[in-house]
Amino acid sequence: MEEVAKHTSKSDCWVVVDGQVLDVTKFLGEHPGGELAILTFAGRDATEEFNMIHPPDVIGKYAPDARIGMIGGGGGGIDASGAPSGGGAQGGIPMEEVAKHTSKSDCWVVVSGQVLDVTKFLGEHPGGELAILTFAGRDATEEF
C-alpha cells in the first residue's frame, strides 16, 4: 500500500479494490458518480465502500485496463519505481510491511500470496478474534 499511497491526484490516481491495484486515472472522467467519488479514495483501499454500491463485474465491464497488479504478489505487481511489473513477476506488498499490521485495530494476514486486511472481520470470525490475531502480520496459508 505504500506505493499505492503515492498516487492520489487527478493526473495519477490509483485505488485498491478486493486486492487489485487499479490505475483509474483515465476512468475518472467517465465515472457515472463523478470524479470526486473515486478521488476520495485515491491512494487507499476502497474495497468496503466500492463493494457496497457496485456489482462484482463492474471493473471488468467498464475499466478492464485499469488493473495493474495485486496487493501481495503474483500476477503482476508494482516494481520499486512504482511502475507495474510484468505479468508473471512477483510484486505487491513485502512481508516486512505486512509484519507491521499486528493489532486488533490494524490486522493483516497473508493467505495464498494475497495480503488481506482482516481488521473489520475480526469480530465476525466464527472462531473468535484470537484465531486470526495469532497470525496477524504473518503468512497464514498453511493454517487457513
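Colleague: How do you know that strand 6 and strand 7 pair up?

Modeller: By counting bridges. This is a predicted model, and in it 4 bridges join strand 6 to strand 7. Pairing takes at least two bridges, so 4 is enough to call the strands paired. The two run antiparallel, and one spot to look at is Val109, which stands opposite Leu116 in strand 7.

Colleague: Which sheet do these strands belong to, and in what order do its strands come?

Modeller: An open sheet of 3 strands, in the order 5-6-7, with antiparallel pairing.

Colleague: What makes strand 5 and strand 7 edge strands?

Modeller: Each has a single partner strand, so one side of each is left without a neighbour in the sheet.

Colleague: Back to the start of the chain, then. How do you know that strand 1 and strand 2 are paired?

Modeller: The rule asks for at least two bridges, and 2 bridges join strand 1 (residues 8–9) to strand 2, so the pair qualifies. They run antiparallel and form a hairpin with 2 residues between them. Ser9, for instance, has Asp12 in strand 2 as its bridge partner.

Colleague: And what joins strand 2 to strand 3?

Modeller: 4 bridges, again with the strands running antiparallel. Val17 has its bridge partner, Gln20, in strand 3. This hairpin has 2 residues between the strands, and Asp18 takes a positive phi near 50° there.

Colleague: Why do you say that strand 2 is largely enclosed?

Modeller: Because 5 of the 6 residues of strand 2 (residues 12–17) are buried, the rest of the structure largely encloses it. Take Cys13: its relative accessible area is 0%, and buried means under 20%, so Cys13 counts as buried.

Colleague: What about Cys107, buried or exposed?

Modeller: Buried too: Cys107 has a relative accessible area of 0%.

Colleague: Let's do charges. Why is the contact of Lys10 and Glu35 called a salt bridge?

Modeller: The closest N and O atoms of Lys10 and Glu35 are 3.0 Å apart, and the cut-off is 4 Å, so the pair passes. Lys10 lies in the loop between strand 1 and strand 2, and Glu35 in helix 1 (residues 35–39), so the pair ties together parts that are 25 residues apart in sequence. Lys10 is exposed at 51% relative accessibility, while Glu35 is partly exposed at 26%.

Colleague: How many salt bridges does the structure hold?

Modeller: There are 5. Among them is Lys104 with Glu129, at 3.1 Å from N to O. That pair links distant parts of the chain: Lys104 sits in the loop between strand 5 and strand 6, Glu129 in helix 5, 25 residues apart.

Notes. Residues numbered from 1 in each chain as written. Predicted model: local features only at pLDDT ≥ 70, side-chain atom pairs only at ≥ 80, totals over all residues. Heavy atoms only, no water. Buried < 20%, exposed > 50% of the residue type's maximum accessible area, 1.4 Å probe, protein only. Salt bridge = Lys/Arg side-chain N within 4 Å of Asp/Glu carboxyl O.
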